[in-house]
Amino acid sequence: MILRFIIFLFLNFAALGLGSIFTTAGVSSDWYQSLNQAPWTPPGWVFGAAWTTIMICFAIYLAILWPKVQNKKILISLYVLQWILNVSWNPVFFYLQQISLGLAVISALTIVVGILIVYYWSKIKVKTLWLLPYFLWLLIATSLNAYIVMFN
């Protein structure tokens, strides 16, 4: 369990690290600062705290789920898809400044995490709640991106 947790934690934080390459400069850019942002946009420090907590919880979820799953191909495919979508959003949104494509990416990510919740509920039941912070945060993040698309 501990080794699985460490492996997933490393992979999850690798995704955050890659994404942060684009986020740091993007958030402070004139382009981002000039956008009409949702009134419920949290202060910047909340994003770092939220993503750190989310990725720890996600690693716990995956470490618990892994031995319970017979067909690992599906789980690996869903994990890789969410990893790629998670990493992709930052350059799409901040570097390419493609807010509509960013909304598509984050919406797809939200759907993939929702699929993980529903598809594997029967395997670990209430322990699936470890994934709930990720899903809830994605709902908020998707709403923030959608607001930017609608009002810019």
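At 3% relative accessibility, I54 counts as buried (buried means under 20% relative accessible area, exposed over 50%, and partly exposed in between, with a 1.4 Å probe and protein chains only). The model is predicted: local features need pLDDT of at least 70 and side-chain atom pairs count only at pLDDT 80 or more, while totals for chains, interfaces and linings use all residues. Residues are numbered from 1 along each chain as its sequence is written, and side-chain values use heavy atoms, with hydrogens and water left out.

I54 belongs to helix 3 (helices are DSSP runs of H or I with at least four residues, strands are runs of E with at least two, and both are numbered from the N terminus). Apart from its neighbours within four places in sequence, I54 is in contact with P133, Y134 and W137 (contact means heavy atoms within 4.5 Å). Between I54 and P91 there are 37 residues of separation in sequence and 20 Å in space, C-alpha to C-alpha.

## Helix 1 beside helix 3

The axes of helix 1 and helix 3 come within 8 Å and cross at roughly 145 degrees (axes are lines fitted to C-alpha atoms, for helices over the stretch in contact, and angles run from 0 to 180 degrees between N-to-C directions). This crossing of helix 1 and helix 3 is right-handed (a crossing is right-handed if the near helix is turned clockwise from the far one by less than a right angle, and left-handed if anticlockwise). Helix 1 contributes R4, F5, F8, L9, N12, F13 and L16 to the contact, and helix 3 contributes W51, T52, M55, I56, F58, A59, I60, L62 and A63. By class, the contact of helix 1 with helix 3 has 13 nonpolar, 2 polar and 1 charged residues (Ala, Val, Leu, Ile, Met, Phe, Trp, Tyr, Cys and Pro count as nonpolar, Asp, Glu, Lys and Arg as charged, and the others, Gly among them, as polar).

F10 lies in helix 1, which covers residues 2-28. With a relative accessibility of 61%, F10 counts as exposed. F10 and I56 are 46 residues apart in sequence, and their C-alpha atoms are 9.8 Å apart in space.

## Helix 4 and its two partners

The axes of helix 4 and helix 5 come within 9 Å and cross at roughly 155 degrees. Helix 4 is therefore roughly antiparallel to helix 5 (angles under 35 degrees count as roughly parallel, over 145 as roughly antiparallel, 65 to 115 as roughly perpendicular and the rest as oblique). The crossing of helix 4 and helix 5 is left-handed. Among the residues that make the contact are L78, L85, N86 and W89 of helix 4 and L101, V105, L109 and V112 of helix 5. The contact of helix 4 with helix 5 has 19 nonpolar, 4 polar and no charged residues.

For helix 4 and helix 6, the axes come within 14 Å and cross at roughly 30 degrees, so helix 4 is roughly parallel to helix 6. This crossing, too, is left-handed. Q82, N86, W89 and F93 of helix 4 meet Y134, N145 and I148 of helix 6. These residues of the contact of helix 4 with helix 6 divide into 4 nonpolar, 3 polar and no charged.

N86 lies in helix 4, which runs over residues 72-95. Is N86 buried or exposed? Its relative accessibility is 6%, so N86 counts as buried. Leaving aside neighbours within four places in sequence, N86 is in contact with W51, M55, L109 and Y134.

Helix 6 has 20 residues (132-151), and at 1.5 Å a residue it should span 28 Å; its end C-alpha atoms are 29 Å apart, which agrees (the expected span is 1.5 Å times one less than the number of residues). The buried residues of helix 6 include Y134, W137, L138, N145 and I148. Among the elements that cover the buried residues of helix 6 are helix 2 (30-34), helix 3 (44-65), helix 4 and helix 5 (99-124).

## Two loop residues with positive phi

Most residues other than glycine have a negative phi. Q97 is not a glycine, yet it has a positive phi of about 60 degrees. Q97 is found in the loop between helix 4 and helix 5, and at 36% relative accessibility it counts as partly exposed.

K125 is not a glycine either, and it has a positive phi of about 45 degrees. K125 is placed in the loop between helix 5 and helix 6. With a relative accessible area of 46%, K125 is partly exposed.
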